[in-house]
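Student: I'm new to this one and would like a close look at a single part of it. Could you pick a helix and follow what surrounds it?

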Amino acid sequence: MIDLLNLIPRKRQRLSSLLGLALDGSRLDGVVLRRTNGSLEVHQSFSVSLSLDPLTSDAELVGREIRNHLDAAGVRERHCVVGLPLKWALTTHAEVPDLPEANVASFLQIEAERGFASDVATLHYAASRCHPPGDKQQALLVGIPKNHLELLERALRVAKLKPISFSLGIAALQPPGADTSNGALTLAIGETHVGLQITCGGGVAALRALEGALEVQGSQKVLHADVVAREVRITLGQLPAGLRETVRRARIFGPPALAQQLADEMELRLEPMGLKVELVARYPRDEFGLQIPPDALVSPAVSLAAGQLAGRNAPFELLPPRLTAWQQMSARYSSGKLRAGGAAAGAVPLIAAGAFLYQQWQLMRLRSRWTAMAPKVRELEGVTQQIHQYRPWFDESLRGLTILRQLTTAFPQDGVVTAKTVEIRDLNTVTCTGTTRDHQSLLKTLERLRGGAGISDVRLVSIRGTKAPLQFTFDFHWAEGGKSEN
């Protein structure tokens, strides 16, 4: 079924100022941008470590902690855009056939249900499509668990914030529609990992969080360039040939010192692959179609806020839509469903009347058949009573085999505990003797026997010997019967 909520366009808000937030692990970066006369100004910025995990801690407490950090930084702006951790994202790829544009959303819905490892109903997902020259159209589907988004949105509202967009920070750093994004491999250094993104053909072709590429040793972060290079080769090798051949540049984002180190080490590893390495430390003045301060550091928080104020659409919009009652009704009954629902409601009384008449006809037919066979049934019942009266007596509740079955299932299959004799007296008192290789296995056998249905008063009578095998005797009572043999 098509998720109609994903197809309803989100109304864009025109704002003059905005708070950009980027969540990565426990780190929360924020910046307040204001748009004035075709330029952007940085009003406040902060970077803090959250002591509470938004996914495992109470949303009320997380929201209060965020509010405290905002107050300490002097932030009063309420509207915000949020960059989600890349580690939250699940991805799957799909090859898009030649379809009318109106049918592509339905096709991607089917591919999402097929491609994601988890139930697509538990995810909120978005797609980015790229058109490589001379090759088939490709789509990258990115899904975030709805529970993660709900917890984060609840915490932000407790912090007195109004989120208007959820997206991925790395996609804001290197938006697919930018001129610098055609055939670009992006490496963004995060708090505990290195993010990888490949953009070409107007869309995102690959998106990964490289685990093991960044290691935290005390207060120091250690980059493993060999891990990054290996994962880059793997990712490029997984792309279709038409996409792989367009990738010509590697752009590196992150804290200045680590980014410079990664750029130096990756240059030696990527240039033989035909990739030119670029270190991105400053925004071009016309990056967003607006003048941006030359001293503004490149970060996901700044890119998210600046892109929103410049009127750009987020590559992956992952904020669940908040719909009015009218929109919910329209989405529910769109495409002729309202008419179909009205027709179904009118047909309900007719169907109920038809079912009642059919039931009465069935009852009359069955009564007629019973009247015809009743004499023969009474005759057979009389013969059956005579058979029961004159046949020999025997017990149908064959308890002996039931007792033996319960006893057998209690013994281990590896033969460490074996029975030699089983004595059943009056079909309710059972004595068993045998041998065991160790005392602990015998106790486990008796414990399993105590858990059997109908067994009570399990008692270890004796155990003899100092070395294996030990000889034992135990007994128990049987309290209920079963279908077995006497």
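Tutor: A helix's expected span is 1.5 Å times one less than its number of residues, and helices (H or I, at least four residues) and strands (E, at least two) are DSSP runs numbered from the N terminus. This is a predicted model, where local features need pLDDT of at least 70, side-chain atom pairs need 80 or more, and totals for chains, interfaces and linings use all residues. Residues count from 1 along each chain as its sequence is written, and side-chain values use heavy atoms, leaving out hydrogens and water.

Let's take H4, residues 146-158. Its 13 residues reach 18 Å from first C-alpha to last, close to the 18 Å expected. Along H4, Leu149, Leu151, Leu152, Glu153, Ala155 and Leu156 are buried (under 20% relative accessible area with a 1.4 Å probe, protein chains only; exposed is over 50%, partly exposed in between). So what covers those buried residues of H4? The cover, judged by contact (heavy atoms within 4.5 Å), includes helix H2 (59-72) and strands S1, S4, S6 (123-130), S7 (137-145) and S8 (162-168). Just past the end of H4, Lys160 has a positive phi of about 65 degrees.

Two of those covering strands turn up elsewhere too: S1 (17-24) and S4 (79-84) each give at least two residues to the lining of the second largest pocket. Other contributors to that lining include strands S2 (27-36), S3 (39-49) and S9 (184-189), and helices H5 (169-173), H8 (256-270) and H9 (300-309).
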